[in-house]
Amino acid sequence: MALVALRNVTKTYPAPDRTGAPVVAIDQVDLEVEPGDVYGIIGYSGAGKSTLVRLVNALEPATSGSIEVDGREITTMSERELRGIRLGIGMIFQQFNLFNSKTVWQNIAYPLTVAGASRAEVAARVAELLDFVGLADKARNFPDQLSGGQKQRVGIARALATSPRLLLADEATSALDPETTQEVLELLKRVNREFGVTIIVITHEMDVIQSIATKVAVMDAGRVIEHGPVFDVFSNPQNPSSQRFVATVVKGIPSPAELAVLRERHDGRIVTISFRDGDASQAAVFLELARAGVEFELVYGGINDIQGRAFGHLTLALRGPDAAVDAVIATIAERVDVTEVG
Amino acid sequence: MDRLFELQSEFWVAAVETLYMVALTLLIGGAAGLLLGIVLYMTRPGSLLSNAPVFTIVNVIINFFRPIPFIIFIAAVQPLSRLVIGTGIGNNALIFALSLAASFAIARIVEQNLLTVSPGVIEAARSMGAGPLRILRTVVLPEALGPLVLGYTFVLVALVDMTAVAGFIGGGGLGNFALVYGYRQFEPAVTWAAVLLIVVFVQIVQFVGNWLARKVLRR
Ligand SMILES: Nc1ncnc2c1ncn2[C@@H]1O[C@H](COP(=O)(O)OP(=O)(O)OP(=O)(O)O)[C@@H](O)[C@H]1O
Ligand SMILES: [Mg+2]
């Protein structure tokens, strides 16, 4: 059973001025997150990503549709019941949102106190979490004495304090430099692997998705326009907006400007062939080309690795009699994706 | 100068009266103002316990009374003072008027300082399942404590000023002392003695306030 299931969920905000139309932040979204997923949600600014996760822990009420968390419908719950649900969902933020008037220790203890844990339980759990995030020596420090990466690690410890099954991460690494981003992402991976915590990761950076997500949903103007396992979406994005996101990290697809240069430099017909592991091997494709007597040159390309599975895009310039080239394109198109680009 | 020496005991009585009025006003007006400020903060649209009618009523009342000049305010609330504490004159009536005026001013200062707490931090507390009153008590007030201390310091200094004004319309304290023995009897030394003591009060208050705020903010 899905841990989080959104069905036909819409969220509108009142118009910013009295005359305007209401803002549709989330538009008829369906989404299922299975236990153990690291579910990435990507989209441009204003796409509705933050709103979407804030619906999941009911920080905002949905306008219509159904939201189930752990099999329980939350859209009809009272505020008091919702507080119970929120105790079982951790959340981390782009700006960390630590309590500046509290020490690291007190920050992590806070949700435990809210949950009504005893003093001894709090002390034991906080110590355990400080160890897990590697900040045992910072327990008595205040947040303003920590680096960004350390602050986010405190944020993660605090979000995990009540042992939630679900963690929501809203742009959790967007305020960090690339190296610290990797550290925090590694920590999130451990949270997922070692504690089995399901994570929903919001980001506008495809490499965040690439490094930790198992599934991804692409959002645009309040809608989920494409979703599925990361490997599928990365290796074969269907939607133009998804394709743009994928192009920011996937190597091997020439941009229009690069294509223009390629066309100038090489005569013949230019095609891009896309492989996914499990498809026919490159060798088989090259063999077909040789057999057809079509001369080919590799002009652009790259092989990508997503969670141990490879896929790639190779752009070739093909020279030979038109009929032969047409025939060979048809033959290899039976084995791999072929797009004629010039 | 000799005159000042003769008036020594009156001078110290006046000083104690000023302290008494300021302290009691701070206690009553400070508490009422804190409460009103919290009500404003909690009930404003989009806040933790947003409640448009309550917010509007409190907001209008404060906006109505706040701009009234203090010296007129004292006269205006005299009937109310008679009703509530049984007298319209003397130090206690003055404390009543001062507390009322101070609570409106403090309400605004409290509201403004609470509003500086980042919405993200409140959202974090909400995401942990904390309720509105718990968030107020354990997040909003502690996070705003530094600026609140500075706000109260500001009010305390203003109160010393207001008690002195009150001397003109029958209250006791250093304002009255300066007026009766200094100004009316053409004794600048006496006036200046009162002024100096007020300056010393203000300096001490400001110093302690700054020190406390620094300690709270750990800076
Ligand atoms: N409280 C609100 N009141 C009114 N409109 C809102 C509110 N919150 C969000 N919106 C609107 O909803 C839309 C989606 O906003 P949201 O914050 O979910 O986007 P996002 O994808 O998280 O963007 P970003 O990457 O910039 O964080 C935007 O058009 C935004 O202006
Ligand atoms: Mg956002």
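Colleague: How many helices and strands does chain B have?

Modeller: Chain B has 11 helices and zero strands. Bear in mind that this is a predicted model.

Colleague: And what pattern does chain B follow along the sequence?

Modeller: Reading along the sequence gives α-α-α-α-α-α-α-α-α-α-α for chain B.

Colleague: What does the C-alpha trace of chain B span along its principal axes?

Modeller: About 70 × 45 × 25 Å for chain B.

Colleague: Switching to chain A. In what order do the four strands of the open sheet come?

Modeller: The order is β2-β1-β4-β5 in chain A, and the pairing is antiparallel.

Colleague: Which are the edge strands?

Modeller: In chain A, β2 (23-33) and β5 (72-73) are the edge strands, each of them pairing on one side only.

Colleague: Over how many bridges do β1(A) and β2(A) pair?

Modeller: Seven bridges, in the antiparallel sense, with β1(A) covering residues 4-13. One bridge to look at joins A5(A) to its partner E32(A) in β2(A).

Colleague: Which helix packs on the sheet?

Modeller: Helix α1 of chain A, residues 49-56. This helix touches β1, β2 and β4 (64-69) of chain A, and its direction makes about 120° with that of β1(A).

Colleague: Now the interface. How many residues of chain A are in contact with chain B?

Modeller: On the chain A side there are 23, in contact with 21 residues of chain B.

Colleague: How much area do chain A and chain B bury between them?

Modeller: The two chains bury about 1900 Å², and 50% of that is on carbon and sulfur atoms.

Colleague: How many salt bridges does the rule find across the interface?

Modeller: The rule finds one across the interface of chain A and chain B. R54(A) forms a salt bridge with E123(B), with the closest N and O atoms 2.5 Å apart.

Colleague: Which elements give two or more residues to the chain A side?

Modeller: Those are α2 (79-87), β6 (89-93) and α3 (104-114) of chain A. The largest share comes from α3(A), which gives four residues to the side that touches chain B.

Colleague: And how do the residues on that side of chain A divide into nonpolar, polar and charged?

Modeller: The side of chain A that touches chain B has 12 nonpolar, five polar and six charged residues.

Terms used. Residues numbered from 1 in each chain as written. Chains lettered and ligands numbered in written order. Predicted model: local features only at pLDDT ≥ 70, side-chain atom pairs only at ≥ 80, totals over all residues. Heavy atoms only, no water. Pairing = 2+ DSSP bridges. Contact = heavy atoms within 4.5 Å. Axes fitted to C-alpha atoms, helices over the stretch in contact; angles between N-to-C directions. Buried area = accessible area lost by both parts, 1.4 Å probe. Salt bridge = Lys/Arg side-chain N within 4 Å of Asp/Glu carboxyl O. Nonpolar A, V, L, I, M, F, W, Y, C, P; charged D, E, K, R; others polar.
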